[in-house]
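Work through the exercises below with the sequence and the model side by side. Try each task before reading its solution.

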Amino acid sequence: MVYGRYFGLRDGDVAAKIPQLLEFAGLGGCDGAKIQTLSGGMKRRLTLARALVNDPRMLFMDEPTTGLDPQARHLIWQRLRQLVAQGKTIFLTTHFMDEAERLCSRLSVMDHGRMIASGTPRELVERHIEPQVVEVFGDGADAWAKDRGAKLAERCESAGETVFCYLRDAAPLIADLATRNELRYVHRPANLEDVFLRLTGRDLRD
């Protein structure tokens, strides 16, 4: 009601919208609850309902799913896609690369306040990173990377106990790993997180 008044809406018009907005945010039946009794995830979903009270054409959202459990995160993703389908524009900031990859039709990577890359998720992956990644971990992963990985991959990076091998043809590298029982690996396609780390580095930011 308070936020509706900020936009000059009449109390009766806001009251008529409240059940629909709460249902949209997955809070149906909570209209009588006090805000301080809601969980952190429920409060975050309530902010989405509140932001829609004046039916805006554009929404600015800063990390809308931070702190949410997986079910609530998927609900928010579904709701945001519904808003886009209704013709609304959403300007989203997020540190979750899977979220950006799922939701954004166009995105930009920011580093130290500068825009360093822009495009669709697929364009950024194709432009800035090798198409395949093999993550290698286990005792001796670093030694293996220096001896064999560097020869079989186009590029190797170490982060903690994991070696990330970037390449276009993973078959020779996987064949080599198959002979080394002390090592484990995950073979996957490159994604936006790989792009982000390639462009901004792996050093911890405070």
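**Exercise 1.** Find which residues lie nearest the centre of the largest pocket, and which elements line it.

*Solution.* Start at the centre: of the 36 lining residues, L92, T93, T94, L107 and S108 lie nearest to it. A pocket here is an open set of points on a 1 Å grid over the protein atoms alone, where a 1.4 Å probe fits, with protein on both sides within 12 Å along at least five of seven lines, and lining residues have an atom within 4 Å of a point. Next, assign the lining to elements: helix 4 (70-85), strand 2 (89-93), helix 5 (97-103), strand 3 (107-111) and helix 9 (192-200) each give two or more residues. These elements are DSSP runs numbered from the N terminus, helices being H or I with at least four residues and strands E with at least two. Finally, the space in this pocket comes to about 1100 Å³, and its lining has 17 nonpolar, 10 polar and nine charged residues.

The model is predicted, so local features need pLDDT of at least 70 and side-chain atom pairs pLDDT 80 or more, while totals for chains, interfaces and linings use all residues. Residues are numbered from 1 along each chain as its sequence is written, and side-chain values use heavy atoms, with hydrogens and water left out.

**Exercise 2.** Determine which helix gives the most to the lining of the second largest pocket.

*Solution.* First locate the pocket, which has a volume of about 540 Å³ and whose 20 lining residues include M1, L22, I35, L46 and R50 as the closest to its centre. Helix 1 (2-6), helix 2 (11-24) and helix 3 (40-51) each supply at least two lining residues, and helix 3 gives the most, with five. By class, the lining has 15 nonpolar, two polar and three charged residues.

**Exercise 3.** Identify the residues with the most contacts inside the largest nonpolar core, and what L83 touches.

*Solution.* A nonpolar core is a set of buried Ala, Val, Leu, Ile, Met, Phe, Trp, Tyr and Cys residues joined through side-chain atoms within 4.5 Å, where buried means under 20% relative accessible area with a 1.4 Å probe, protein chains only. The largest has 33 residues, and L48, L52, L83, L107, L124 and L192 have the most contacts inside it. Leaving out residues up to four places away in sequence, L83 touches F24, L48, L52, L59, K88 and I90, a contact being heavy atoms within 4.5 Å.

Conventions:
Buried means under 20% relative accessible area, exposed over 50%, partly exposed in between (1.4 Å probe, protein chains only). Grid points are joined across faces, edges and corners, and a volume is the space filled by probe spheres set on the points. Ala, Val, Leu, Ile, Met, Phe, Trp, Tyr, Cys and Pro count as nonpolar, Asp, Glu, Lys and Arg as charged, and the others, Gly among them, as polar.
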